[in-house]
Amino acid sequence: MTEQRKEKITIPTLYAMKAKGEPISWLTAYDFPIAQLEEQAGIEMILVGDSASMVVHGNESTLPITMDIMIAHAKAVRKGAPTSFVIGDMPFMSYHASAEDAVRNAGRFMKEAGCDAIKLEGGVRIADKVKAIVDAGIPVMGHIGLTPQSSAMLGGFKVQGKDAESARKMIEDAKALEKAGVFGMLLECVPTKVTQIIKQSVSVLIFGIGAGPGCDGQILIIHDILGLYPCFTPKFVRQYANLSPVILDALKKYKDEVRTKKFPAKEHEFAIKEEELKKLEEVLKRG
Ligand code: KIV
C-alpha cells in the first residue's frame, strides 16, 4: 500500500522549500511500483522522463519514444504517486513543429495522465512554444545545458557551457525561458560556476543533473541510482544500490527450481473438493 503524504506537492510547496533553503529531491519513474516507492520515500517530484526510451525500451537515444508511450508511462506513475509533483517529459517532435502541436501534446499529459506540469528541452529557440503552453494554463519546466534530444547537434553527450560564449548563450536561454513563463528549469551537465550565475540571473526554481550542488533541487535517473542500467553511467551519478546482481540471482534460482521441480511447491497449489472430483469423473465416464 502507498503510504499517503499528508498534502499534495504543488508549485507553491516547491517555492516554499526554495525560500527555506530546503533542497528538493526529484527522480524519474516510468511505472506504478517504482512511483509508489518514490512516493513512500518522500521524494517530492517525479519526472516521467523520455529517458524511458533508453532505460526501459532499450533504444540508443531518447528520440524514438512517442507521445502515446509517454502517456501510458505517465498514467501508471500518477496512480502510484498521487501526492508527488509529477512532470511529463515532452518527447522529440511533440513540440517542435508548431505551437499548436506543443499545446495539444502538453494538454494530453495533463488531461489523460493527470500530470502536474510538463518539461521540454531548449531555450531561446523554443520560447514561443513555452509561452503558448503556459498561456494555455499548463505549468512548464525548462531544460537547458545538455539537451539529449539535440545531442546530435551538440556533438554528443557533452558538458555544455565550458567556454565563455556558450555559457553566455545558456544564460540567455535561461532568461528567455523565465520570460516565457516557466516555473523552473533543469540544467544538465553544466559547470558549477555557470549554474551559480544562472541561479543569480533568474528567480525561478533551478534543478540540476550534473550541474553542481547550488541548485534548488537535484534529479537523477532511477535506473542509474539502482544499478539497473549497465550500458553507461555518467560521472554525475551516485549509485545507491546495485540491484542487477540481486535480480539476476533471483532469476537464476527460479530457473533452477523450475528445472529441478522444487517450484511450484505444495503451498502454491489449488485444490478441488473430493466430491466435485468424483462428479467430474462420472461425467467424463458417461462421455
Ligand atoms: O528524460 C529524462 O530522464 C531527463 C533527465 C535528464 C532527467 O530529462
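**Reading a barrel, strand by strand**

Modeller: Let's start with the overall fold: 8 strands form a closed barrel in the order 1-2-3-4-5-6-7-8, with parallel pairing. From one strand to the next, the twist averages 25 degrees. This is a predicted model, where local features need pLDDT of at least 70 and side-chain atom pairs count only at pLDDT 80 or more, while totals for chains, interfaces and linings use all residues. Residues are numbered from 1 along each chain as its sequence is written, and side-chain values use heavy atoms, with hydrogens and water left out.

Biologist: What makes a strand, and when do two of them pair?

Modeller: Strands (E, at least two residues) and helices (H or I, at least four) are DSSP runs, numbered from the N terminus. Two strands pair if DSSP finds at least two bridges between them. Here, strand 1 and strand 8 (residues 217–220) pair in the parallel sense over 4 bridges, with Gln 218 as the bridge partner of Ser 25. Strand 1 also runs parallel to strand 2, joined by 3 bridges, and Trp 26 stands opposite Met 45 there.

Biologist: Is strand 1 buried or exposed?

Modeller: Buried means under 20% relative accessible area, exposed means over 50%, and partly exposed is in between (1.4 Å probe, protein chains only). In strand 1 (residues 24–28), 4 of the 5 residues are buried, so it is largely enclosed by the rest of the structure.

Biologist: How many aromatic pairs are there in the whole structure?

Modeller: Rings of Phe, Tyr and Trp (its six-membered ring) pair if their centres lie within 6.5 Å; planes under 30 degrees apart are stacked, over 60 edge-to-face, and the rest tilted. The search finds 3 aromatic pairs. One of them is Phe 85 with Phe 183, edge-to-face at 5.7 Å centre to centre and 70 degrees between the planes. Phe 85 lies in strand 3 and Phe 183 in the loop between helix 8 (164–180) and strand 6, so the pair ties together parts that are 98 residues apart in sequence. Both Phe 85 and Phe 183 are buried.

Biologist: Which residues are around the ligand?

Modeller: A residue is near a molecule if one of its heavy atoms lies within 4 Å of it. Among those around the ligand are Thr 28, His 143 and Glu 188. For polar contacts, look for N or O atoms within 3.5 Å of each other. An N or O atom in the side chain of Ser 51 is 2.5 Å from a ligand oxygen, and for Asp 50 that distance is 2.9 Å. Lys 119 has a polar side-chain atom 3.1 Å from an oxygen atom of the ligand.

How values were computed. Axes are lines fitted to C-alpha atoms, for helices over the stretch in contact, and angles run from 0 to 180 degrees between N-to-C directions. A polar contact is a pair of N or O atoms within 3.5 Å; within protein, one must be able to donate a hydrogen and the other to accept it, and residues adjacent in sequence count only if both atoms are side-chain atoms.
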